[in-house]
Amino acid sequence: MARHGAITAALALLAGVLLVQAWPRLPTPWIGVPIALLAAACAWRWPRWRGLSCLLFGIAWALWCGTQAMQARLPRALEGRDVLVVGSLDGLPLARTDASRFTLRVESASLDGRPLALHGLVIVSWYEGAPPLQPCTRWRLLLRLKRPRALLDPGSADSERSALERGTVATGYVREDEGNRRLSGPRWCVDGARAAIADGIAARVRNPHDAALLRAFAVGDTRGLSQDDWAVARANGVSHLIAISGFHVGVAAVFGVWLAWLAYALWPPLALRLPRLQAQAAAALGVAAVYSALAGFGLPTVRTLLMIAVVALARCSRRGSSGAQSLALAMIAILLADPLAVLAAGFWLSFVGVAFLILCLQARGRGWRAFLHELSAGQLLMTVALLPLTLWFFGQASLVGALSNLVAVPLVSFVIVPCALFGVLLLLLCPPLAAPVLWVAAQIAHAQWWLFERMASWPGAHWYQPTVQLHALLLAVAGALWLFMPRGVPLRWLGAVLFLPLLLPPRSAPAEGAFRLWVLDVGQGLAVLVRTHEHLLVYDTGARYPSGFDLGEAVVLPAIHALGLPHVDTLMISHGDNDHAGGAQTVAEAFPRARRLAGEPVRMRVPMRPCVAGQEWQWDGVRFRVLSPAPGRGGRDNDSSCVLLVEGRGGRVLLPGDISSKVEQAVAAAVGAGPAPVLVVPHHGSKTSSGAAFIAALHPSLALVSAGWRNRFGHPKPEVVARYAEAGVPLFNTAVQGAVEVEFPADGPPRRLPGWRLQQPRYWRE
């Protein structure tokens, strides 16, 4: 295939695959058959229309694979049922104090003694009495399962998309059962070798954090890294270097070339049996393949491995191949093997980054001076070129990333990783000699991380932007390409102008006397944002779990940044229950100047002033009134919740926390006369709240429930839903809608916007 033909085919195939990913639902997969036949006919009848053939084939292939992946998911009718599963552990299990978490590759499943067609990966939590779990072991377990379900909010990651891309068909937890046991199975596997190497490193490096870094560098084991570690990595733009990256696979390939060169230097007669260049190509591919296996065959490593394979095969067949052609062939191979890979951020960061290096970075001679120039220019190029994609996928970027990578890339790739790999080799050949080598690598990694922790506090380390629009993304990518075109291209500086829609997005704020309300999707909990023209109030922050997963960090802060809200003026926590207050510390630390109020300040992890009836203030023509609890009221219960009424010129909303029917009538009386309020349903719709008298007294125009999907409490209770229906009050649930936004204009009634799940329909959310 000619060089331009490979590039055209790759781009056309990619376009066809992407078209399918934009569909809100998938038609029957059999539609792909005539599309594939049409692609074959075009390729046979009109060879010059190769691009159209690849486009049509990409549509048919992505449609088929997407349909198969969706059909493999747990049927909805079986959610919440106990399923008997036999499978083997995939990857490295994670053991924590609260639970063990692992991925199970299902071999067979049954329900009530009947076989069940369930195959794929299941994410499992084992909460109590979990035994030690070893990679690749086979287990018979009774699991309570559900389909992958995401929290859908502005700025948050779409875990349903990630589940589809990774082949996850269900999530669940282990149920107590006498039949849960380990089965006989294979004693060796790649993941078992990775775990053994990781344990060997941990046993020889005293500092647990240094050992965790070396385990990540050597075998891609990131289990020992905390959320704070990942925050430091993101602030420095070096997350791609923490686990095994594609660049490390390239270094391993060079190591293979050196091994082959050494073999020929020691035994020159080898050249009579096998040409040296072909042997070096084969050695590079072999070492890169082994190293990629140690990494668990992540997408960046697979992409690099495929590129190395293309170059190696071309060298072995005595054919040349350019970098662009190798990249195109690698893309074709990945899309043919797994078209759903386009759903992963790593796919785009890998291919776009390498493409920019190939197109824009020009070699300038040899020697250290040329190397340093290419290293510095390459880091600047990658920082600017990947900035639009980084903001698109993650909503944040690091402005110090270019400087951090200038230190990290050579140090990690040419010092730490080679030392770690040499230590791993000694672990296998002569374990006593591994300790000093690993000690040297650990000391260098420790010093580097110390520097990264300091740089993480620099201005610009955490740079957030509102949700990036598609047109701004495309313009910025084109601008980056224009900026780094070779010398001689006119007006290259104008490429910076194309970044303006990305860097200066339009911001809309409510008018004077108006406000907006967002009830975020935080599962079984509550988090609400209220914005006026110049101010923002955060009411509750969702839960924080023993595993360290914090909804304040995962949902509330990303939503604030994605909506373009620059600061928080008041943080109000209704009461001390974890599902309302768990994320408060994270939000308070992110916005230390915010005023803090809480219904139960003594239960809070951060200092907060008490919230009592009678407190009130105005922002931009919008009035905020605290209706409950009464001054001097003690106790540690739901009725201590801080109840807030927000009143604009065109409407009002009542935020009652978790109050029960005992105080609902007093709250309804305190609301007073006025337009029918929008009501955030008390206590997530529990049977102890939302009494008929309360609903009748308020007669809300709209009721919003914040509850978890298939939560164990059964919220909102059917009888509560029935009460609102009998009163003629429309009821909307974040578990079904995703985050819900309501506008309160100054010159009209409140208007509810479609839920976040409906605003962004995708077939993997069906």
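**Helix packing and an exposed proline: exercises**

In α14, F356, L359 and C360 meet V477, A480 and L481 of α18, where contact means heavy atoms within 4.5 Å. The model is predicted: local features need pLDDT of at least 70, side-chain atom pairs count only at pLDDT 80 or more, and totals for chains, interfaces and linings use all residues. Residues are numbered from 1 along each chain, and side-chain values use heavy atoms, without hydrogens and water.

**Exercise 1.** Classify the residues of the contact of α14 with α18 as nonpolar, polar or charged.

*Solution.* Ala, Val, Leu, Ile, Met, Phe, Trp, Tyr, Cys and Pro count as nonpolar, Asp, Glu, Lys and Arg as charged, and the others, Gly among them, as polar. The contact of α14 with α18 then has 6 nonpolar, no polar and no charged residues.

**Exercise 2.** Describe how helix α2 (residues 32-45) packs on helix α3 (residues 50-71).

*Solution.* Step one: helices are DSSP runs of H or I, at least four residues, and strands are E runs of at least two, numbered from the N terminus. Step two: axes are lines fitted to C-alpha atoms over the stretch in contact, and angles run from 0 to 180 degrees between N-to-C directions. Step three: the axes of α2 and α3 are 8 Å apart, at an angle of about 160°. Therefore α2 is roughly antiparallel to α3 (over 145 degrees).

**Exercise 3.** Locate P506 and decide whether P506 is buried or exposed.

*Solution.* P506 lies in the loop between α19 (500-503) and β10 (515-519). Its relative accessibility is 81%, so P506 counts as exposed (over 50%, with a 1.4 Å probe and protein chains only).

Technical notes: Buried means under 20% relative accessible area, exposed over 50%, partly exposed in between (1.4 Å probe, protein chains only). Angles under 35 degrees count as roughly parallel, over 145 as roughly antiparallel, 65 to 115 as roughly perpendicular and the rest as oblique.
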